[in-house]
Amino acid sequence: MYPFEYVAPASVDEALAVLAEHGEDAKVLAGGQSLLPILNYRLAKPRVVVDINGLPLDGVSVGDGRLKLGALTRHATLEESDEVARNCPPLREAAALVGNVRVRTLGTLGGSLAHADPAAELPMAMVALDARLGIAGRSGRRTVAAGDFFTGYLTTTLAPDELLTDIDIPVTRDMGWAVEEMSRRTGDFAIVAVAALIRLDRRGHVDEARMTFAGVGPAPVRVPAAEDVLRGAEPTRDRLGHAAETARAALTPESDAFVSSAYRTLLAGVLARRALTRAVARALEIR
Amino acid sequence: MTDGVKLEREMRLVGRPVIRHDARDKVVAATAYAGDWAMPGMLHAVVVRSPYPSARIRAIDTKRAAAMPGVATVVAASDVPHNTLWTDVPGQTTEVGPLRARLHVLAEDRIRHQGEPIALIAAETEQQAREAAEAVAVDYEVLAGVFDPAAALEPGAPAVHDQGNLLAHWRVRRGDVAAGFARADVVVEGEYRTQHVDSAYLEPESGVAWVDSDGVITIRVSTQVIEHFRDVAEVLGVPQNRVRVIGTYLGGGFGGKEDVTVEVYLGLLAWRTKRPVRMVWTRQESLLARAKRHPYRMRYRTAALRTGEIVAQEIELLADSGGYAYLSALVLLYSTVTAAGPYRMPAASVDAKVAYTNNPPTSAMRGFGAMQVVFGYESQMDRLARALGLSPLAVRRVNALRRGDALPVGQVIETHVALPELIERSWSALGEPTPPRAPHVKVGRGIACNLQPYGRIVWLHDWSSAWVGFEMDGSLVVRSGVPDVGGGQASSLCQIAAEILGVPLEGVSVHIADSALTPLAGTTTASRQLYMSGNAVLKASRELREQLLAAAARILDAGPAALEMADGAVRASDGRSLPLVELLRGCARMGVPRSHLGVYHAPAGEPVDLEKGSGKIFPDYTFGCHAAEVEVDTQTGRVTVLKLAAAHDVGRAINPQSVEGQIQGGAVQGMGYALMEEVVLEDGINVTTSFASYLIPSAGDVPDVEALVVESGEGLGPFGARGIGEPPIAPPAAAVANAIEDATGARVTQLPLTPERVARALGLVEGD
Amino acid sequence: MRVSLHVNGRPRDVDVEPNQTLLAVLRDTLGIFDVKEGCGEGVCGACTVLLDGRPVSSCLLLAASAAHRAITTVRGLEDEGDLHPLQQAFLRHGAVQCGFCTPGMLLTGLAFLQNHPGADRAALRHAIEGNLCRCTGYAKILDALEAYAREAKRD
C-alpha cells in the first residue's frame, strides 16, 4: 500500500481535529475490513490514516426502550451479546451474516454503516430498525435517521470531518422479524437481502410492518407501498404475497457483470415473501 | 509394470494410509514455500502490465521509473537477450507442429491481451518497485480486438497474430457417420458452453532468484516444471548448465504453474543486478495474469438405436486460446481424443478448433481439455436416456467401453474398464433419497462418467529418472526431480522405495525438484508422476536391491533368489540374516555401489494422424463415475449439492488416504466449476480479479465427497496404479446438471450453473 | 515507529512503517512465516492469526493497531516440540495436502472449539467457512476437527 502517516487519537475531539485538518486526505480506520483491502490494492492514497480503535465508542446498553450501541461495537459482539439477542434479535441475525468469522472479530457496526456498501446487511438492518445514528463533528453533535443516512453508492451524509459515534435502536421485543439473504457463495456479500419486521395487534392484524432491501439499489431500499399493503390487515398468505409483489414491482435494481436486474427483482420478491412469512410466524409466537 | 512377487503377499507400506513426510512440517508451518525465503540484499520485483487487451506500443519510457528511489533496474523487451519463449511441451524434444508455441518474455510492439507483461522493475522494497511501476510511461495505440472465438474465425475479424486466428484444428473420422445417423432410431442434439476458470491455488506465483558463488543463476520457485531452467538459459543466452531451478513444495499447482510464471523474470533480474531478487504476485495479479482454462462451445449430435446403443456421434468443439497459444493445441488434442466419452462408438466425427482472441490466454489446467467435454458427452447421455425412456444408468451400461474396444481415434483400450462397477458403486453410495425439506424445493439425482488420460502422449517418448541410495548407516536417500504440488507426489516415492528395500518409512529422506542435484523426472502434470516417477523409483529400487542382494549372496554364500530385504536387513530363507549396516560395509569393501540411478521409459509410439490413422495416443486412461444428489430451490434457482459420491478405478492406491484426498479435493474443485467459478470478461477486460468476485467453494458450499476407490490393479504405474490427480475434477458439472434435470425437468447447458442460470431454465426469469 | 507486539507469548518490540500490516511485520521483520498472503482482502484465511484468542486476518490489520494484543500463530501451538493434539489429528486424518491453508484452519478450528467444546460436524463446517482450501475438499479437515473435538471432550 502507499505510505501514509498514522495517528491514533485518544479522544473523539482529537480525532475530529485530525479529520478537520486533513479532510479528504484522511481515512478513518475502525475495523479495517473494508479499508484495508482498498489500501492493499492501492486503490486509495490517503495521506493520513486515523486509527479510532482507542476511542471510547464501544459499549452495548439498554435504556428507555432503546438499545444503544457504540459505533465501534464489533459484529462479533452483536452476534454474542445477550442484550442484543433479547432486545433486537434481527440485529444479531444480520450481524451473523456479515462476511466471515475474521471479518466479524474486527469489523465494526459504525464502519459498516460509514462504508455503506449497497449489498451489506447492517445498513439494511439499520434502516429497517428505524435506527438513529449519532454523529460528531467540529460544529457539534447531530443525529440522523438511518433512512436519511445512506444517500448513494458507498455514500452517506457523513462529512469527511465527521465521525459516527453511536447508534440507537428502538427495542423490537414486541415485533416478529426475519432476515433473508441470498449470496453467490457462503459468507459473501448478498446478491439481495431483506429485513422484515412485523408487529401484530391484539386482533392479530398488522399494526406495524417494515421491510428493507439490500442489493437492489445504490443504498438500502424501503418500500412504503409494500408496508402499507400490510398495515391494518390480517397477515394471510395472500396478503403477504401481495406485499412481496408490491415490493418487487417497485424495485428497479441494475444489472451488473454477475447478476441481471431481472434476477435481482425475482429474488427480492421471493425473499420478501419468505421474510414476511417468518416474521409473521415469530410475531404470532410473541403474542 | 507390476512387481509380480509383491502382489502375492501383503505389502508393508504400499497400500497403507501412511502419514506423508511433508505433512508434519506443514502442520507446524515450517515448510518454506517459495515466498518464505529472504536473503541479504534481496531486491523486490514487480511486473508492469498492459491494461488494454489489444494495442500497439508506440513507445515505452522507463527513464523516470529507473530514476526513482530504491530502483535497481528496469527491464523492457529491448533489454532481454532473447525475448522469445517457446512452449514446447516441456521436457520433450520432439517437434510436433502447433504444439510448439511462441511467446514473448516482454511485449515488443504488440499487445494481445489484458495483463500482457511489458516491463520488470526490481527495487529495494516492494513499495518502491510498485511506485516505479506506476511511473513507467507507455504510449499505447489502442486497437480493435476480437473477444469471441467464433467471431475470430469470421472473415475480416481483427487478426490477433499474423498467421490468422485459427491456431489448431484436429479432426477425427471413424466409420460411416452418415450411415449411422440414417439407421438410428433417435438423434439427440445439444449445444453446451463452458467458462474460463482460474486455478486459484492459495499460494500465488512466487520465487526468489540469486546468482550463486559459481555464477549459476539459481531460481527457487513454486513450479510444476523444473525443466524451465532451459527456458531461462535460452532467454539469457547462457549455457543450460548455468541455470538451476529449485522447485519448492507448492501451495497448489493445478496446471497454473505448468507454464513459466516468474522463473524467467527472476532469472533476468538476478543476472542483471547480481543480487537476490524476490517476486511474489498478488492475488489480483494472479487472477489477472495467469493463463485460464479454455472455455468451450460444444455441439453434439448423438444417434442411437432404441436399445440405447449409440451408432454414431458428431461433435464440434470450439475453444478460445486467448492472445497466445501456450498449450492450447495440446489441450484441444486431449479434448478431441476423449470427446465421445468412455463409450463404444462405431462411427464418430470430431471437429475441434481453437482460435486466438484478445481474451486472456488459456493453457494447462487440471483436466486439460478432457474435462470440458465431459459436460458435453454426459449431458448427451442423459438426453439420450430421456429420449428413449431408459434410465441414465442403463444407457451408460449399454455403451460403456470394455477392454478391447477402441476409441474413435482408433486406440484400443488394453486395460480393464471398471465402468459398470463404478456406476453401480457411486449410485448406491447415494443411499436413501433425501426428502425435499420444503414444498418449493425439489431433489434430484444424476451421474456422470469420464475417462481421463494419464501419462503423456506416447509419441512424446516420456521418461523419468530417480536415484536411490543407502548411507553407510542404513538410512535411505531418494532423489527425484519430481515437483510436489501437494498431492503427495514426493511421499509416494518414499513409500515405494521403502517397500522394495525393506526399510521403515521413517528411514527414508527424499530430495526433490532440483534441476542441478536431482535426476530429472519431468513435469508434475498430466497425472503422470505416480506412473512415471513412481515407476522410476520402483525401477531404481529394484535394480538397487538386485545389486545389493548379489553382494549379500557373496557375503552369505547363498543363492540370491533365496534372499530378501526386510526389516532393515537381508534375510535368507534358511533363517540367516545380515544386518543392513554390515551389508553396506561389505559393499564398500567389494566396490559394489550402494546407490542406483533408474530411468523409466514409457512405452513409446509414433505420431498418429488422428483423421486417417489409428493408434495409441495415450498410455492409458483412468475411468470414473460420480453420482450427485442435489436440491433445487424452484423459486430462486439455487442449487445445493446434498451428496456427491465419486468412484474411480485407481489401479492401486499407493497411499489410500492420499488417493481419497485427491478425489475429494478434485471433486470439490469440480463443484466449483459446476456452480460458481467464472472469470467474467467484458471485451477482454477481466472483472473478476479478486477472491471477492472470483468465487471458489468454501466448506459451506459443498458436501463431504464420498471417495470410492476401486483397485483393478491394471494401471501402468507402480504396483498397477493409475493416475488420479486429474480424473476427479471432471464429472461433477455434468452429474449436477443431470441431477437438476432429474429434479425439475430443466436442462441447463451452460456453466456455471448459477442460481440465475437455473432460474432462467426454470422459466422464472425471461429475456436475456 | 516502535510498536510493542506480543507474539506467541513473547514480547516483540519492532520498528514498523505505518503502512505495514501485521502480516508483513510477522513475515518480513520477525521471520515468522506461519502466516501467508493468499488474497490481501481477508477472504482466503491463509493469513489468520488469533488476536486475544479470536481469529483475524493479519493482512487487514496494521501492525501499529496490533500493539499490546496477544497474537498467536501456529508455532504458538507446539509445546516444546510436541505437536498440539489438533495438529496430530490433522496428520492422522490426512487433512494436509499442499499445506497453505493449514495454519489458518488449525487456529480457526481451535479458537472455535475453545468456545464450543461439544461442536458437531455441521457446526465445525460452519466455523471454517471463512478458510478456503483448494486441495482437500474440506472432508478430511473436518474429520480431523471432529476427532479432536471428540477426544478433547473426553478429557
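Let's start with the second largest cavity, which holds about 210 Å³ of space. Keep in mind that this is a predicted model. Seventeen residues line that cavity, and the closest to its centre are B:Leu103, B:Pro117, B:Val260, B:Tyr265 and B:Tyr326. Two elements of chain B each supply at least two residues of the lining: strand E5 (101-104) and helix H8 (263-273). What classes of residue make up the lining of the second largest cavity? Eleven are nonpolar, three are polar and three are charged.

Now the largest cavity. About 620 Å³ of space lies in there. The lining takes 41 residues. Closest to the centre are B:Gln489, B:Thr524, B:Ser527, B:Gln662 and B:Gly725. Four helices of chain B give two or more residues each to this lining: H10 (328-338), H14 (489-501), H15 (529-556) and H17 (656-675). Which of the elements gives the most? H15(B) does, with four residues. By class, the lining of the largest cavity has 15 nonpolar, 19 polar and seven charged residues. And how many cavities of 30 Å³ or more are there? The count comes to nine.

The lining has 28 residues. Nearest the centre of this pocket lie B:His21, B:Tyr249, B:Val510, B:His511 and B:Ile512. Again, look at the elements of chain B. Helix H2 (23-27), strand E13 (243-247), H14 and strand E21 (508-512) each supply at least two residues of the lining. E21(B) gives the most, with five residues. By class, the lining of the second largest pocket divides into twelve nonpolar, eight polar and eight charged residues. One link back: H14 of chain B gives residues to the lining of the largest cavity, and H14 supplies residues to the lining of this pocket too.

Next, chain A. Its division gives domain 1 (5-51), domain 2 (60-169) and domain 3 (176-286). How far apart are the C-alpha centres of domain 1 and domain 3 of chain A? They lie 36 Å apart.

Chain A also has a sheet to show you. Five strands form an open sheet, in the order E4-E5-E10-E6-E7, and the pairing is antiparallel. Which strands sit at the edges? Strand E4 (60-63) and strand E7 (140-145) of chain A do, and each pairs on one side only. From one strand to the next, the twist averages 25°. In general, strands of a sheet pair through backbone hydrogen bonds, either parallel or antiparallel. Zoom in on one pair. E4(A) is joined to strand E5 (residues 66-70) of chain A by four bridges, and the two run antiparallel.

Last stop, chain C. The domain assignment gives domain 1 (2-77) and domain 2 (85-154). The C-alpha centres of these two domains of chain C lie 21 Å apart.

Conventions. Residues numbered from 1 in each chain as written. Chains lettered and ligands numbered in written order. Predicted model: local features only at pLDDT ≥ 70, side-chain atom pairs only at ≥ 80, totals over all residues. Heavy atoms only, no water. Pairing = 2+ DSSP bridges. Axes fitted to C-alpha atoms, helices over the stretch in contact; angles between N-to-C directions. 1 Å grid on protein atoms, 1.4 Å probe; cavity = no way out; pocket = protein on both sides within 12 Å on 5 of 7 lines; lining within 4 Å. Points joined across faces, edges and corners; volume = space filled by probe spheres on them. Nonpolar A, V, L, I, M, F, W, Y, C, P; charged D, E, K, R; others polar. Domains from an automatic or database assignment.
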